[in-house]
Amino acid sequence: MSTATAKTEPEDVQLAAPDQERLSALLVGQDRPPRPSALSASMAFGWRAMLKIKHVPEQLFDVTAFPIMLVLMYTYLFGGALAGSTEEYIQFLLPGIMVMSVVMITMYTGIAVNTDIAKGVFDRFRTLPIWRPAPMVGYLLGDVLRYLLASAVMLAVGMIIGFRPEGGALGVLAGIALLIVFSFAFSWIWTMFGLLLRSEKSVMGVSMMVIFPLTFLSNVFVDPTTMPGWLQAFVNNSPVTHLATAVRELMAGNWPAADIGWTLGWAGVLMAVFGVVTMRLYNRK
């Protein structure tokens, strides 16, 4: 029996040799799968961002409960004093408060980037044979879902308490689309800070210092004609003011070409400046 066993062992090795050759050929890359395109890689990272929301659903608090609280609080606190009734004020307030809420949500992109850097996940991303900006673009694409959800929640609450957009469904969709485009571009600021700063608390602190003056010093809550002249000069040229006016007018059934142009122009500048800076920081990180 030992002799038979000794004879069969070399035969087994010879039979396994072709398999070993095929495995070696595969390992050296002769049958290597094609490199993913920029779009597919970005979508994969966007899907990863959405899966993180699935596993940690508490992240949706800032796009559900927080927007509802803002709409109800500002409508019933200031509606009667500023417009005479909540029904009239909600027509002016809702598009503006929607802009304010979605713009504020953009800062969480930088926090997510900074968290992954602290955990060492980005070191793995940089070794992958993919389009280099894909992880960054994926974060922003994943956050687009958050922007859409926040807009839908605020619109639903506004409709319940009396908001009636004269522009109909097309006006509402156009306003939300413009808001999403601007927010996507605006998020590049926070990806830069996510790479630049050392902790997520630092990212949040800097984000608040930028977002709060930019959103509150605008026409989100009131018409700037009642403000002092020096403040009007800032408010009337703020990108948030142009965005809020454009969204408000689109939902009212108008076509504010100037404000739409300013908003898209600001979005282009933000992406051109902060997108380039972000990728340079990412390549050097």
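Colleague: How many helices and strands does the secondary structure of the protein come to?

Modeller: In this predicted model, the count is 12 helices and 0 strands. Read from the N terminus, the order of elements is α-α-α-α-α-α-α-α-α-α-α-α.

Colleague: Among contacts between residues at least 6 apart in sequence, what percentage join residues at least 24 apart?

Modeller: Such contacts are sorted by the separation of the two partners along the chain. Here 78% of the contacts between residues at least 6 apart join partners at least 24 apart.

Colleague: What share of the residues is buried?

Modeller: A residue is called buried when its relative accessible area is under 20%. By that cut-off, 44% of the 285 residues in the protein are buried.

Colleague: Which residues have the most contacts inside the largest nonpolar core?

Modeller: A nonpolar core is a set of buried residues joined through side-chain atoms. The largest one has 67 residues, and Ile97 and Phe186 have the most contacts inside it. Helix H8, residues 168-196, gives the most to this core, with 15 residues. Leaving aside residues up to four places away in sequence, Phe186 touches Val103, Thr106, Ile211, Leu214 and Leu270.

Colleague: Which residues form a nonpolar patch on the surface?

Modeller: The patch consists of Met69, Met73, Leu77, Phe78 and Leu82, which together have about 460 Å² of accessible area. Leu82 lies in helix H3, residues 65-83.

Colleague: Why is Leu82 classed as partly exposed?

Modeller: The class lies between the cut-offs of 20% and 50%. Leu82 is partly exposed because its relative accessible area is 48%.

Colleague: What is the accessible surface of the protein as a whole?

Modeller: The total is about 15,000 Å², and carbon and sulfur atoms account for 68% of that surface.

Key:
Residues numbered from 1 in each chain as written. Predicted model: local features only at pLDDT ≥ 70, side-chain atom pairs only at ≥ 80, totals over all residues. Heavy atoms only, no water. Patch = residues over 30% accessible without salt bridge, like charges linked within 9 Å, V, L, I, M, F, W, Y side chains within 5 Å. Areas by Shrake-Rupley, 256 points an atom, 1.4 Å probe, with all protein chains shown as cover. Salt bridge = Lys/Arg side-chain N within 4 Å of Asp/Glu carboxyl O. Helix = DSSP H or I, 4+ residues; strand = E, 2+ residues; numbered from the N terminus. Buried < 20%, exposed > 50% of the residue type's maximum accessible area, 1.4 Å probe, protein only. Core = buried A, V, L, I, M, F, W, Y, C linked by side-chain atoms within 4.5 Å. Contact = heavy atoms within 4.5 Å.
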